[in-house]
Every structure is written in C-alpha cells, then in structure tokens.
Amino acid sequence: MIASLSGLTTEFVATKINYGAVLPMLVVFGAAMIGVLVEAFAPRAVRYGAQVGVALVGLVAAFMAVVLAVGHQGSTLAGAVVIDGPALFLQGTILALSVLSVLAMAERFDGIGADAFTAQGAAAPGSPQESAAVRAGATTTEVFPLTMFAIGGMLLFPAAGDLLTMFVALEVLSLPLYILSGLASRRRLLSQEASLKYFLLGAFSSAFFLFGAALLFGYSGSMDLGVIAKAIGTQSGMDGLLVPGVLLVLVGLLFKIGAVPFHSWTPDVYQGAPTPVTGFMAACTKVAAFGAILRFVYVGVGDSRWDWAPALWAVAILTMVVGAVLSITQTDVKRLLAYSSIAHAGFVLTGLLAFDRVGVSSVMFYVVAYGFSTIAAFAIVSLVRDGGSEATHLSQWAGLGRTHPIVAGAFAFLLLAFAGIPLTSGFTAKFAVFSAAIGHGATPLAVVGVLASAIAAFVYVRVIVLMYFTESGGDSVRVVPPSILTSAAVTIGVAMTLVLGVVPAPLLDLASRSALFLR
Amino acid sequence: MTNPYVPLLFLAACGVGFAVVSVLGLSFVGPRRYNRAKVDAYECGIEPTPQALGGGKVPVKYYLTAMLFIIFDIESVFLYPFAVAFSKLGLFALVEMVLFILTVFVAYAYVWRRGGLEWD
Amino acid sequence: MTSGGEAVLFWILAPVSVLGALGLLLVRKAVHVALGMAVVMINLGIFYIAQNAEFLGIVQIVVYTGAVMMLFIFVLMLIGVDSSDSLVETIKGQKIAGLLLSTGLGVALFAAIGSATFASPIGLKEVNAGGNITGMAVLIFGKYVWAFEVTSALLITAALAAMVLAHRERLTPRPTQRQWSERRFQVGKNLAGLPAPGVYARRNAVDTPALLPDGTPSEASVPRVLTAREQVNDPEPYAGAERAIEREIEEGTNR
C-alpha cells in the first residue's frame, strides 16, 4: 500500500512518454482538432469535403501508426497507457471499422450534405427554421470531428492501464455518441429521444463505474490495474471492497456492450440514431468496450474471479437468451439488428469467460468478424427507402429479393453470417468462442450459446424468406442507388465476412499471436 | 493594534454602519411624496407581473453560455494546482498546460466563428 | 482526532446539510430543491477543506456549487419553473420494483463494505507532506498527465455538442447599418428610421406603440412580427395612468 502511494512524493519527475506507442491516438485526436478548426474557419461549401478528407486521412494515418507501434510496445505514461498485443490488435480493428463507418456516414446521395444527418440540430423538428436551414444548404458537418473524438476515446479504452484513464476514455468515447445519436435527418423526435435515453442511462452507468473504481482504490490503494492485481494476492479481510468494486466497474463496462440486464437502451438507441451511426456504435463501441473488459478482467482482477465470475456467467446466459428470444418478436429491421447485437455480445462473453489466452484471441476475432458484418448490414438498411425515409418495418422488406437482388443478396449473406452458417465469418467466430469456452470449463455457456444461436438463426432465416419468397406489399419501397462511399463500405464489409469465413487462418493467427496482455 | 484583524473588524463595522445610516437616515430626512409609479417594482420598463410570462421559460440559447462558462471553469480548476506548484513542476508541466489551453481555445475559436457569442 | 474547532464546525454544519438534503427530497418546488442542493454542496466543500483536502474543497465550490448548480438552475428555467413531472407510471409497478431493487443494492453494498476490515491508514500528514494542492499538481502533471490532456477532448466535445444542439446559426448574413440606411433611401420612406416604441411611466416595452401628436397609437413604432401575432398592447391605460401620475405629483399626495 505504501509503495502504491509513491506517486504522492513531492518530488516532481516528468512522465516519460513513448510517442511511438501513443502516436495512433495523437493522430486521431489531432485530426479531430483539425476538423473543429475546419468547422471554425472554412466556408460552408467546402466543409463537407474537407471534413471527410481529414477524417479518412487521419484514420488511415492512425492505422499505419498502429502498425509502426508494434515496435514500441510497452507500458508508457507512468502506466496510464499500456500498448501491448491486444491493445494494438483492437486499436487496428477500431480504426479499420471506423474507416467503413465514416464512409457510410459521409454518404450524401444527391444532396449537399451527409444524408443521414439533420441540416440543423438546434432547429425544432418540422419547424420553419428547419426548412429554412435545408433551403440554405446548412449541414451538420460537426459529426465528423465528433466521430473522430469518439474514435480517439475508443483507442484509449482498451489500452488504459489504470481505472482513471479508463474512465476518461469511457467518457471521451461516450459523449460524442450521445450527440451523434440525436442528429438523424428523418424521424428527428425519435432520434432526439434516443439521444436523451442513451445519455441518461450512460451517465448512470458511468456513475456505477466510478463507484466501483472508488471501492477498488479503497481496496488496493491504487487505480492501477497491475497494483490491484498484486493486492488481490496480499490483501486480506477487504473482500468486502473488492467484489462489489469489481461488479460495479463491470456494470459500467457491460452497459457499453449492451449486455442483459444493462441492455434496455440498445433497441431504442439503435432504432433512433442515424443508421450509419448505429453501425458505428454496434461495431466500434463493442470492440473498444470488449477490449476494456478484457483488460480489466484479465490484467486487473482475474485472480479473484471465483468470487464474481458466476455473476458474469449469469449475465452471459441472460444476454444470449434474451437477445435471441426477443429478436423473434421484432418488426423493425433496426430493432431486430439491435437485439441481434445483444445476443452477439453474449456470445463474445462466453469466449471471455474462458479466462485463458485462447479466450482473448477468440474474443478479438469475434469482434472483428461481427464489426465488419454489422457495419455493412446497417449501411444496407440506410439504402432501403420508402418515399424519403428509411423503410425499416420488416413488412416493407417483403419481396426485396426479387426487385433488388444484389442488395438483398448481400443482406441475406450478412444475416447468414450473424446466424453462424459455415463459410461466413460468423461461423468461424462462433466456433472460436465456443471452443474456447468448452476448452476451459465453461461448457454450459457454450451449450446455451449454441441453443441461442439456433433461435437467432430462425429469426434471420425468416427475414431471408420474407425478402425472397413473399410478395411485396407495394412498389413504393426501393433501394436508393448508393454512391462509391456506401458501396465501398458494404462491399468491404461483405468481402471481409466472406474472407474471414473461407480463409480465417491469417487473422486467427494474428489474434492468437497478439493475445498476450502485458502485465 | 496588536491583532492584525482589528483593521478588518473596523472596516466591517464601517461597512455595516454606512448601510444602516443610509437606510435609516433616508426615512428621516427625505421628503415623503408617494405615487403609484414610485411604489411599483421596476422591471426594465415591462409591466411587473407576479408570475413570469410563459411559465418562466428562458430560450435555449442561454444554455450555450452556461456550457461555455463550465468549460472555462473546469479549465481554471486545472490552472489552480498548476499555478500553486508551478516552481516545482518545471517546463514539462508548462508545455502540457499550454497544450491543454490551446485545445480548449480550439473549441472557443469554433464557437466564436460560428456566431455562438453573438446575441441576436 | 478532530480538533475542537473542527468539531464545532461539524456540529453546526452537519445538521444544516442534513436539513438541506432532506429538503432536496421532500420539497415540491424545483427551485427550492435546487437551493437545498446548493446548501448541501457548499457544506460538502467546507467539510473537504476542514479535512485537509483543499483541492477537492475548492473544486467542489468552484465547479459544483458554481457551475453545475448554475446549469441546474438553467435547465429548470429552460423547462419552466412551474412545470412539474408527470407521476404516472408508464410501466406498472416500476416504483415499487425500483424501490426494492435500490434498497437491495444499498443493503448489499452496506453489508459487503461494512464487513471489510481496513488496514491502518497512511495518514493525512504523510499524504499532504508537500501541501495538498502541490501533491495534486504532482499527480495531475505526473502520473495522470495523459488523462488530463485527454480531458480537453471532453471539453471540446462539450462545446461542439452545445453548439450543435442549442445554437441556431444565422443562415444569411446580417445586413449592416449602412445597408439598412441605403435601403431606406432607395425606398424613400422613414429616412430617419422608424419611430421608437412608446415610453410611459410604467412601461417602455416594444409591444406598446408610441402616441402620435393627435393621441392615436403609431403602428410603425411596434415590430411587424408582434402586430402579426396580435401581441400589440393598447397604450391607452399607460397614457391614462401617466396623466393620473402627473396629476398626483402636482398635487403632492402624502400617504
């Protein structure tokens, strides 16, 4: 305990910074800052182009910085940031998925600004001010710097070496998402409601995280995950602080992945948020949050897992079952995909509960596979329109397979991947997590997982049947021809789903090689 | 004058005394001619109402001002320990603080350029 | 042990803050709730400083009592001081369930934390050896410098968010005074600008027209928007009141 307080000595020593290790984050935050400056000083007409350019260049540069950072692994900034195999793997994943998300967000069809976002967020929905803003060509290009800030927080989240840094990262990634959820260009009241719900519940879950972090600080005298891990072997008589602390921190983290019973925001927010933002949340937030859970559970408090793992087991089982069962009753495509994402969070948790290196690599592979598929799926949802707005009701998708075979085919393929059919990435990913669970004493979880997969598969197949074997209700539903941006996002997403299903070995290898946490 | 607080006490007494003398003195010395306008509450030329109009709602644009205030408030909270321990912290902390202030000023520049500080 | 002065401080302020906290829960009007909260927060700040946590105390007062309380009051004013929450349960039994669950969580936490046996504490003297605020500075600019820098991203996000959600940007440039003047001269009417609204003893708001020399209200002296919304005031009562006041002043009534 005395040693852990050595930070309080009054001699000030400047913290050593390994710039190579934190370069990806610096690049992303720098790009976000440039984005804000573009908003400040560039004329309205050039903002869209400049923002998309800055965001994409920043993300690609940050990805290259991640590749370069492989040679700079280690703990830096006095242990606040730990750049190790899992951190780099997940950062690379987040950046790759973010590129696709930004492509989908930038889609503008034949309009002047990004199509999914409102012309003026402050104008009341349906007000004269709103239509004046549309006429004047106003666009909310702030979404791009906001997205970049969120990505910066996501990069830090799985690399945070202490609970304080992890909390700041959690807030940095959450705050922009709350705003982005409320900026949909259509059905704006629904979108604003989603934003408010997400914000309130998110603030609540952050409070749980902080409470837990405070208890763990009381337990070990430090916020540092490594010091907490050491304290678990040596502290006695303080389990009353440890177990509640771990559980409360987990509540904060499980909220972000939408695990049951902390999932209630997911369907509403996924439905209300602009569709590309939903894809971004479903893919990138999950990657970052699973990374943080992995680090917290494996590096920080893993040695005390007999005390709290049963709770996590219950959460995993509930998440799989509730996600799969409730997706049956859904009539809205976005809500259906939301419940599907809940079920997938449960599948990933089974891999995590293996408490082994195989568990880490299977979780990391799963989030990559799911991320690519889900961004493509939401990008397709944003293309299917009825009149001006998105046709999200399932009945409107009837007969889509005949009228628009390519788009419906791609969507059907992605649904098969969600169901875990062989030759898709979903199968490989599910196989990886379930075999990790079976190999390390979590067989019951795997059994529940397989059953839940079967239920979920029924839902996905029903949608496919609807698209191909049901007469369409009317011909007002059509697929808007996408520009190169959405086409690229969908194509890459579908291609990765196929590639990771047919030749998963290279990525599986990479995942298992980088599955070792630096302690 | 041994205790350094004596002048302070004296000053406080002066302040209180001034307030009391002005308020009480006025009622003895001043003329007493009242009319309705004089005894009215003054609300900047608007008819005084017991309840605020429209349920007392203020426009949402005040929120922006409030948020900017909070941002600079938090910045000043970090400046406080920095200033206290400045001599001990050295160049590294100065650089970090300048970086922090610069990033906050990026936000300020954005708000200023987009008319967030204008009042119309 | 606490010194005599600290004990006195505690026994005076603790009941006050408990009363404030109770008021927070039991008072009906939202503004009074906010006041109760302010009382609790200021007292907390004083307690922190009394316990040698100067930095925390200052932050409590500057940020929470100052800024956050102000934001609370702002939000109250945004939604209207008179508006009250709907107390209808949208999900049946959610109040009972919420009460039971939160009581359960509270009991479980109390039981768990209460069962812990704490090691001997390090002691404030050692922790605050170089001064509390200096110690904080060493931590902020030392071990947690990255968290500190990343916090600035949060502040920028907050500014962006406030602008995006609450600021209605001007979409067309605002005409300058010169342009207004040129326009008036082109039209050739009201060359000196429109007449100002009426100024009466008890009212000078823009919704009350001025009187023309013949005693009729001037329509040009009130904004067109108000005329369209039918929110223009009748100046007669104010002019009448003014005449009455003038009479009163001349007569020098004593009351």
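## Helices H13 and H14 of chain A

In H13(A), the residues A:Val333, A:Lys334, A:Leu337, A:Ser341, A:His344, A:Phe347, A:Val348, A:Gly351 and A:Leu352 meet a set from H14(A): A:Gly359, A:Ser362, A:Val363, A:Tyr366, A:Val367, A:Tyr370, A:Thr374, A:Ala377, A:Phe378 and A:Val381. Contact means that two C-beta atoms, placed from the backbone, lie within 7 Å. Helices (H or I, at least four residues) and strands (E, at least two) are DSSP runs, numbered from the N terminus. By class, this contact has 12 nonpolar, 6 polar and 1 charged residues. Nonpolar covers Ala, Val, Leu, Ile, Met, Phe, Trp, Tyr, Cys and Pro; charged covers Asp, Glu, Lys and Arg; the others, Gly among them, are polar.

The two axes come within 9 Å and cross at roughly 170°. H13(A) is therefore roughly antiparallel to H14(A). Axes are lines fitted to C-alpha atoms, for helices over the stretch in contact, and angles run from 0 to 180 degrees between N-to-C directions. Angles under 35 degrees count as roughly parallel, over 145 as roughly antiparallel, 65 to 115 as roughly perpendicular and the rest as oblique.

## Model and numbering

This is a predicted model: local features need pLDDT of at least 70, side-chain atom pairs count only at pLDDT 80 or more, and totals for chains, interfaces and linings use all residues. Residues are numbered from 1 along each chain as its sequence is written, while chains are lettered from A and ligands numbered from 1 in the order in which they are written.

## Helix H11 of chain A

H11(A) has 26 residues. From first C-alpha to last, H11(A) reaches 36 Å, close to the 38 Å expected at 1.5 Å a residue. The expected span is 1.5 Å times one less than the number of residues. A kink of about 25° is centred on A:Met281. The bend at a residue is the angle between axes fitted to the seven residues ending there and the seven starting there. Of the 26 residues of H11(A), 25 are buried, so the helix is largely enclosed by the rest of the structure. A residue is buried if 20 or more other C-beta atoms lie within 10 Å of its own, exposed if 12 or fewer, and partly exposed in between, with C-beta atoms placed from the backbone.

H11(A) (residues 275-300) packs with H6(A) (residues 163-181) at about 170°, the axes 12 Å apart. That makes H6(A) roughly antiparallel to H11(A). H6(A) brings A:Met166, A:Leu173, A:Leu177, A:Leu180 and A:Ser181, while H11(A) brings A:Val277, A:Met281, A:Thr285, A:Ala288 and A:Ala292. The contact has 8 nonpolar residues, 2 polar and no charged.

A:Gly291 is also in H11 of chain A. A:Gly291 counts as buried, with 27 C-beta neighbours inside 10 Å. Leaving aside neighbours within four places in sequence, A:Gly291 is in contact with A:Pro86, A:Leu90, A:Phe157 and A:Pro158. Its C-alpha is 9.9 Å from that of A:Leu156, 135 residues apart along the chain.

## Backbone exceptions in chain A

Most residues other than glycine have a negative phi, and most peptide bonds are trans. The peptide bond from A:Val260 to A:Pro261 is cis, with omega near 10°. A:Pro261 lies in the loop between H9 (239-257) and H10 (265-272) of chain A.

A:Arg187 has a positive phi, near 45°. A:Arg187 sits in the loop between H6 and H7 (188-220) of chain A. With 17 other C-beta atoms within 10 Å, A:Arg187 is partly exposed. The phi of A:Phe355 is also positive, about 50°. A:Phe355 is in the loop between H13 (333-352) and H14 (357-381) of chain A. A:Phe355 counts as partly exposed, with 17 C-beta neighbours inside 10 Å.

Chain B has 4 helices and 0 strands. Of its 120 residues, 18% count as buried. H1(B) (residues 5-29) has 25 residues, which should span 36 Å at 1.5 Å a residue; the end C-alpha atoms are 35 Å apart, which agrees. H1(B) is hardly covered, with 0 buried residues.

The contact between chains B and C takes 50 residues from chain B and 49 residues from chain C. On the chain B side, H2 (36-39), H3 (61-84) and H4 (86-113) each supply at least two residues. H3(B) gives the largest share, 18 residues. That side divides into 32 nonpolar, 7 polar and 11 charged residues.

Towards chain A, 11 residues of chain B are in contact with 8 residues of chain A. The chain B side here has 6 nonpolar, 2 polar and 3 charged residues.
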